[in-house]
Amino acid sequence: MDTYNRATPRYIHRSVGIALAAIADYVVERGYSPNYREIRDMGGFSSISVANYSLRKLEAAGLLRFQDGLARTIVLTDEGWRTAGYSAPVPAARVDSGHA
């Protein structure tokens, strides 16, 4: 899927939608979620702080959640998968895959 040209729902900013789509594609491709630096790079954000801000907006919108205490633990909700352009939620990724 083309991560950067998807329609973004009106209730989230386009850059936040880009982050959501990039995370979904990354999880589908690799089986685990990206780290903040990767999200910064994929979304074209100016800093990790801006990427984190976008993730918190997605969390507040109910499109993703975090699993505390583990690395790479961004988990998209069912609505997050649909918003990212996937017709059905993708099976849960390995959240503790040894990647940091």
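Guide: Let us begin with Val16, which lies in helix H1, where helices (H or I, at least four residues) and strands (E, at least two) are DSSP runs, numbered from the N terminus. Please keep in mind that this is a predicted model, in which local features need pLDDT of at least 70 and side-chain atom pairs count only at pLDDT 80 or more, while totals for chains, interfaces and linings use all residues. Residues are numbered from 1 along each chain as its sequence is written, and side-chain values use heavy atoms, with hydrogens and water left out.

Visitor: Is Val16 buried or exposed?

Guide: The general idea is a cut-off on relative accessible area: buried means under 20%, exposed over 50%, and partly exposed in between (1.4 Å probe, protein chains only). Val16 has a relative accessible area of 5%, so it is buried.

Visitor: Which residues is Val16 in contact with, leaving aside its neighbours within four places in sequence?

Guide: Contact means heavy atoms within 4.5 Å. By that rule, and with those neighbours set aside, Val16 is in contact with Ser54, Lys57 and Leu58. The C-alpha atoms of Val16 and Arg56 are separated by 9.5 Å, although the two residues are 40 apart along the chain.

Visitor: How many of the 17 residues of H1 are buried?

Guide: Twelve of them are buried, so H1 is largely enclosed by the rest of the structure. Among the elements that cover the buried residues of H1 are H2, H3, S1, S2 and helix H4 (78-83). Just after H1 comes Gly31, which takes a positive phi of about 90°.

Visitor: How far does H3 reach from its first C-alpha to its last?

Guide: The expected span of a helix is 1.5 Å times one less than its number of residues. H3, with 13 residues, reaches 18 Å, close to the 18 Å expected.

Visitor: Which residues of H3 are buried, and where do they fall when seen down its axis?

Guide: An α-helix has 3.6 residues a turn, so residues three or four places apart point the same way. In H3 the buried residues are Ala51, Ser54, Leu55 and Leu58. Seen down the axis of H3, they fall within an arc of 100° (the arc of the directions from the helix axis to the C-beta atoms), so they line one face of the helix. The face of H3 turned away from that buried side carries the exposed residues Ser49, Tyr53 and Ala60.

Visitor: At what angle do the axes of H2 and H3 cross?

Guide: Axes are lines fitted to C-alpha atoms, for helices over the stretch in contact, and angles run from 0 to 180 degrees between N-to-C directions. Here the axes of helix H2 (residues 36-43) and helix H3 (residues 48-60) come within 9 Å and cross at roughly 90°. Angles of 65 to 115 degrees count as roughly perpendicular, and H2 and H3 are therefore roughly perpendicular to each other.

Visitor: Which residues of H2 and H3 meet?

Guide: Tyr36, Arg37, Ile39 and Arg40 in H2 meet Ile48, Ala51, Asn52, Leu55 and Arg56 in H3. Arg40 counts as partly exposed because its relative accessibility is 22%, and the C-alpha atoms of Arg40 and Ala51 are separated by 5.3 Å.

Visitor: What pattern does the whole protein follow along the sequence?

Guide: The protein follows the pattern α-α-α-β-β-α, and its secondary structure comes to four helices and two strands.

Methods. Angles under 35 degrees count as roughly parallel, over 145 as roughly antiparallel, 65 to 115 as roughly perpendicular and the rest as oblique.
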